[in-house]
Amino acid sequence: MFIDPGSPWQNGWIESFNGRLRDELLNSWRFDSLLEAQVITEDWRTDYNTARPHSAHGELSPAEFALQWTTTHQSQAA
């Protein structure tokens, strides 16, 4: 199911991600080949998903958040 044109509030999370991807990557690079686009995009994706802080995680990186969550929930189960 598609959102209505001009209605970003129907899927705010993905609209926010798309804007960030465009601002931080796509508008900053001129790719000379498909391979170059794949490598640079993969580097950006890896950084986004592991190293950079996210407000939804209390400004922790996803890796830090996962470690904190695992530590907290393992100690509750013990």
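In the predicted model, 14% of the 78 residues of the protein chain count as buried (under 20% relative accessible area with a 1.4 Å probe, protein chains only; exposed means over 50%, and partly exposed lies in between). Residues are numbered from 1 along each chain as its sequence is written. As the model is predicted, local features need pLDDT of at least 70 and side-chain atom pairs count only at pLDDT 80 or more, whereas totals for chains, interfaces and linings use all residues; side-chain values use heavy atoms, without hydrogens or water.

The protein chain holds 3 helices and 0 strands (DSSP runs numbered from the N terminus, with H or I over at least four residues for helices and E over at least two for strands). Its pattern along the sequence is α-α-α. The radius of gyration is 17 Å, well over the 12 Å of the globule rule for 78 residues, so the protein chain is more spread out than a compact globule; the radius is taken over C-alpha atoms, and the rule is 2.2 Å times the number of residues to the power 0.38. The C-alpha trace spans about 50 × 35 × 20 Å along its principal axes. Among contacts (heavy atoms within 4.5 Å) with a separation of 6 or more, 15% join residues 24 or more positions apart.

The buried residues of helix α2 are A37, I40, W44 and Y48. Seen down the helix axis, these buried residues fall within an arc of 80 degrees and so line one face of α2; the arc is that of the directions from the axis to the C-beta atoms. The exposed residues L35 and D43 are carried on the face turned away from the buried side.

The whole structure contains 3 aromatic pairs, defined by ring centres within 6.5 Å for Phe, Tyr and Trp (its six-membered ring), with planes under 30 degrees apart counted as stacked, over 60 as edge-to-face and the rest as tilted. The ring centres of F17 and W44 are 5.8 Å apart with planes at 55 degrees, so this pair is tilted. Because F17 lies in helix α1 (residues 12-26) and W44 in helix α2 (residues 34-50), the pair ties together parts 27 residues apart in sequence. W44 counts as buried at 13% relative accessibility. For F17 and Y48, the centres are 5.3 Å apart and the planes at 70 degrees, so the pair is edge-to-face. This pair likewise joins α1 to α2, and so ties together parts 31 residues apart in sequence. Y48 counts as buried at 9% relative accessibility. F17, W44 and Y48 form one aromatic cluster.
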